[in-house]
Amino acid sequence: MRLGFALVLTAAASTGCLSKLTEKTAFKSTSGIMLRASAALQMESDYELARAAIPASLKTIEGFYVAGPPDDAREKLVRILTEGYCQYGTAFVEDDWEAAKLAQDLDAADYHNTRANHIFTRCLNYALGTLGPTWQKTIFGSAEEVEALAKKTGRDKRFALLFAGTALGSLINHNSATSVEMIALLPNVKVILAWVIELDKGGLPVDPEGSYYEGQKNLTHAALPHIALGMLNTAIPPAMGGKPDVAKQNFEDALKLTSDKFLLARTLMAVRVGLATNDRKFFHDQLKIVLETPPSVWPEQRLANEFAQRKARRYLSKEKELFQ
C-alpha cells in the first residue's frame with residue numbers, strides 16, 4: 001500500500017508538479033486501502049512478527065496524517081491510529097509491563113509503565129480529537145457531566161467513545177497505585193462504556209469500510225466495552241470498592257457476544273477475577289480452557305488469541321507465587 005502511494009507521487013513529480021487533485025486522490029485511495037488492509041494484522045499468527053511490524057506501520061500512517069490529508073482521508077487515518085495505539089499498548093507495551101512485574105524487575109516495570117502511559121495517551125488524544133472540544137474538557141469533569149454529554153452523543157461517534165473510554169481506563173490501570181486523581185476518574189470511564197453498550201442495543205457496531213468490518217470485526221468491537229468494564233471493576237481491591245462479581249459478568253458478556261472465540265476475554269477474566277477473589281481453582285481452570293482452545297478458532301482475531309495464550313502460559317507459570 002505504501003508502494004502504490006509512492007508511485008503516484010513519483011509519477012506526478014516527473015511532470016514537475018503535484019496537483020492538488022492528484023494529491024487528494026492519492027490520499028483518499030491509500031487511506032481506504034490502509035483501513036481495509038488492517039485486517040491482515042488481526043489475522044497474524046506470529047506474535048513477534050506483529051510486535052516488530054506495528055510500530056513502523058503506525059508511524060507510516062502518522063506520517064500520512066501529519067502531511068495534511070483531506071477530511072475524508074484524515075478520518076480514516078485517525079481511525080487506524082486511534083485503535084492502533086490502544087491495541088499496541090495493550091498487546092505489547094502493557095504485556096512487557098506485566099512480565100516485568102511478575103519477574104519483580106522494578107526498573108523494567110517502571111520503564112514499561114512510562115511507555116504504556118505515553119501510548120495510551122496517544123490513543124486517548126486521537127479519540128478525543130474525533131469527539132471534539134466539549135468532550136476534551138468534559139471527560140475530566142464530574143461523572144454527572146460526562147453522563148449528560150454521553151447521552152447527547154450518537155452512534156456516529158461510537159468508535160471514538162469506545163477508545164476514549166478504553167484509553168482512559170488503561171491510564172487509570174497504570175496509575176491507580178500512585179494517583180488518587182486517576183482513581184477519581186473511574187466513574188467517568190464506566191459511564192462512557194455503559195453508554196457505548198447502550199448504543200449497541202440498536203445493533204452491532206458497523207464500520208462503513210467494507211465487508212470485513214461488517215462481518216467479524218464488529219463482534220470484537222461489541223465485546224470490547226464489556227472487557228474494559230471488567231478491567232475497571234477489578235482495577236481496585238474489593239475492600240476499596242472493586243466489584244469482581246460484576247467484572248465476571250462483564251467478561252462473560254464479552255464471551256457470549258463472540259461465541260466463546262475471543263480467548264483474551266477468558267484470559268483476563270481468569271486473572272482479574274481469580275486474583276481479586278483469591279479463587280485459585282477458577283484462575284487455573286479458565287486459563288487451561290484458553291490453552292486447550294486452538295487460537296485459530298477465530299481466524300479473524302488470530303493475533304488476539306495468540307496474545308491471550310501467551311498471557312495464560314505466563315500466569316499459569318506463576319500460579320504458585322500468586323496464590324501463596
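Author: One term before we start: a residue counts as buried when its relative accessible area is under 20%. With that cut-off, helix 9 is mostly covered, as 18 of its 18 residues are buried. Keep in mind that this is a predicted model.

Reader: OK, and how many helices and strands does the protein chain have?
Author: The protein chain has 17 helices and 0 strands.

Reader: What share of the residues counts as buried?
Author: Of the 324 residues in the protein chain, 52% count as buried. The chain exposes about 15,200 Å², and 56% of that comes from carbon and sulfur atoms.

Reader: And the contacts, how far apart in sequence are the partners?
Author: Take the contacts between residues at least 6 apart in sequence: 70% of them join residues at least 24 apart.

Reader: Back to helix 9. How far does it reach?
Author: Helix 9 has 18 residues and reaches 26 Å from its first C-alpha to its last, close to the 26 Å expected at 1.5 Å a residue.

Reader: What does His174 touch?
Author: Leaving out residues up to four places away in sequence, His174 touches Glu94, Trp97, Asn113, Ala116, Asn117 and Phe120.

Reader: Switching topic: how many disulfides does the structure hold?
Author: The structure holds 1 disulfide. It joins Cys86 to Cys123, with the sulfurs 2.1 Å apart.

Reader: Remind me what a disulfide is? What does it link?
Author: It's a covalent bond between the sulfur atoms of two cysteines.

Reader: Where do Cys86 and Cys123 lie, then?
Author: Cys86 lies in helix 5 (residues 71-102) and Cys123 in helix 6 (residues 106-131), so the pair ties together parts that are 37 residues apart in sequence.

Reader: Is that disulfide left-handed or right-handed, and why?
Author: The torsion about the S-S bond of Cys86 and Cys123 is about -95°, so the disulfide is left-handed.

Reader: Are the two cysteines buried or exposed?
Author: Cys86 is buried, with a relative accessible area of 2%. Cys123 is buried too, at 0%.

Reader: Where is the kink in helix 5?
Author: The kink is centred on Gly89 and amounts to about 40°.

Reader: And what comes just after helix 5?
Author: Gln104 does, with a positive phi of about 60°, although Gln104 is not a glycine. Gln104 lies in the loop between helix 5 and helix 6, and it counts as exposed because its relative accessibility is 69%.

Reader: Which other non-glycine has a positive phi?
Author: One of them is Asp260, with phi near 65°. Asp260 sits in the loop between helix 13 (244-257) and helix 14. Its relative accessible area is 42%, so Asp260 is partly exposed.

Reader: What about helix 4, where does it bend?
Author: Helix 4 bends by about 30° at Ala53, and a proline, Pro55, follows within four residues.

Reader: What caps the N-terminal end of helix 4?
Author: Asp46 does: one of its side-chain oxygens lies 3.0 Å from the backbone nitrogen of Glu48. Just after helix 4, Gly68 takes a positive phi of about 85°.

Reader: Which residues of helix 4 are buried?
Author: They include Ala50, Ile54, Leu58 and Ile61. A general point about the pattern: an α-helix has 3.6 residues a turn, so residues three or four places apart point the same way.

Reader: Last one. What's up with Thr267, where does it lie?
Author: Thr267 lies in helix 14 (residues 263-277), and it counts as buried because its relative accessibility is 0%. Its side chain reaches the backbone oxygen of Ala308 at 3.2 Å. Not counting residues up to four places away in sequence, Thr267 touches Leu287, Val290, Ala308, Lys311 and Ala312.

How values were computed
Residues numbered from 1 in each chain as written. Predicted model: local features only at pLDDT ≥ 70, side-chain atom pairs only at ≥ 80, totals over all residues. Heavy atoms only, no water. Helix = DSSP H or I, 4+ residues; strand = E, 2+ residues; numbered from the N terminus. Buried < 20%, exposed > 50% of the residue type's maximum accessible area, 1.4 Å probe, protein only. Polar contact = N/O pair within 3.5 Å; in protein donor to acceptor, adjacent residues only side chain to side chain. Contact = heavy atoms within 4.5 Å. Areas by Shrake-Rupley, 256 points an atom, 1.4 Å probe, with all protein chains shown as cover. Bend = angle between axes of the 7 residues up to and from the residue. Disulfide = S-S within 2.5 Å. Expected span 1.5 Å × (residues − 1).
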